[in-house]
There are 2 protein chains.
Amino acid sequence: MAAKTASARLEERWRNILSVHARTMCEIDRVLHPHGLGASDFEVLDVLASATPEEERQCRVQNLVGRVHLSQSALSRLIARLEKDGLVERSVCAEDRRGVWVALTRKGRDLHAQVLPLQRAVLARMLDE
Amino acid sequence: MAAKTASARLEERWRNILSVHARTMCEIDRVLHPHGLGASDFEVLDVLASATPEEERQCRVQNLVGRVHLSQSALSRLIARLEKDGLVERSVCAEDRRGVWVALTRKGRDLHAQVLPLQRAVLARMLDE
DNA sequence: CCGCTGTCCTTGCGCATGCACTAATTGCAC
DNA sequence: GTGCAATTAGTGCATGCGCAAGGACAGCGG
């Protein structure tokens with residue numbers, strides 16, 4: 001009975017995570033869509049905006065993979081999209097020419113600043129219950 | 001400063017949810033894949049297995065939409081796949097011929113019983129930290 | 001009956017994602 | 001130096017998803 005209860009509790013916690021994740025994710029998408037962004041796009045923008053205090057620059061893409069919940073390939077394409085929209089810039093890494101640097105453009109930084117409050121508002125609404 | 005802290009805490013919680021969700025989801029997929037199932041497939045099977053104590057039968061699909069984090073269309077196709085694999089059966093609802101009943105087959109029930117411990121093990125591993 | 005509105009499921013379509021593969025480059029062993 | 005494994009990004013392909021539209025049916029008012 002003890003084991004059963006533990007398993008049931010785990011299951012309940014998991015279902016709860018699933019539920020909160022789905023609803024919040026969906027809401028973020030809905031709020032960001034008018035600005036031409038999806039939840040993943042924002043996630044990358046957000047990492048770039050916060051993890052780039054203008055100094056801690058590494059070869060980026062590889063660096064991003066660890067901080068975002070996307071595969072390398074998905075990230076590659078996502079960055080390509082962001083670049084096409086003029087939100088980030090890619091440049092080859094001089095020290096290691098395999099790598100690619102990714103940096104927010106002015107436009108990207110502005111857009112991030114603009115939508116950040118919207119995302120935070122969603123989090124506040126959804127995570128508080 | 002108080003507001004900033006609250007926002008940061010929300011952000012941290014959200015990142016944590018994102019992380020746990022991604023890792024657990026991925027692991028469930030990995031464990032279930034050899035059995036021909038994905039995480040969503042299992043979710044549906046699991047709901048069917050637990051929510052069908054042989055009696056509480058409703059027109060199903062509509063009923064499932066509320067319990068699973070998928071759109072109607074995705075669910076429709078997912079059920080079609082499960083049916084193709086012989087794991088569930090669809091039948092028109094007599095009282096309301098718009099509706100469709102979905103029921104686990106013997107094979108579906110067996111497979112669910114077989115993979116359930118695997119999924120629970122993943123939850124135990126990933127959710128405990 | 002008739003038609004209208006709403007519900008339930010399915011389908012057409014475009015898109016984002018992951019896997020496996022490739023290309024370019026590095027670093028190391030020899 | 002030369003070759004070889006490892007690392008880093010990008011690409012072809014298949015798959016699953018959501019949105020919007022469609023088709024079948026129920027329920028209701030006239």
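Helix α5 of chain A has a kink of about 35° at A:V115, shortly before the proline A:P117. The bend here is the angle between axes fitted to the seven residues ending at a position and the seven starting there, and helices are DSSP runs (H or I, at least four residues), numbered from the N terminus. This is a predicted model, where local features need pLDDT of at least 70, side-chain atom pairs count only at pLDDT 80 or more, and totals for chains, interfaces and linings use all residues. Residues are numbered from 1 along each chain as its sequence is written, while chains are lettered from A and ligands numbered from 1 in the order in which they are written.

α5(A) covers residues 106-128, and its 23 residues reach 33 Å from first C-alpha to last, close to the 33 Å expected at 1.5 Å a residue (the expected span is 1.5 Å times one less than the number of residues). Buried along α5(A) are A:G108, A:L111, A:H112, A:V115, A:Q119, A:V122 and A:L123, with buried meaning 20 or more other C-beta atoms within 10 Å of the residue's own, C-beta atoms being placed from the backbone. After the helix comes A:E129, with a positive phi near 70°.

Now for the DNA. A residue is near a strand if its C-beta atom, placed from the backbone, lies within 6 Å of it.

| DNA strand | Residues around it | Nearest residues |
|---|---|---|
| D | 23 residues | A:Q62, A:S73, B:S71, B:S73, B:A74 |
| C | 24 residues | A:S73, A:A74, B:V61, B:Q62, B:S73 |

Terms used. Helices (H or I, at least four residues) and strands (E, at least two) are DSSP runs, numbered from the N terminus. A residue is buried if 20 or more other C-beta atoms lie within 10 Å of its own, exposed if 12 or fewer, and partly exposed in between; C-beta atoms are placed from the backbone.
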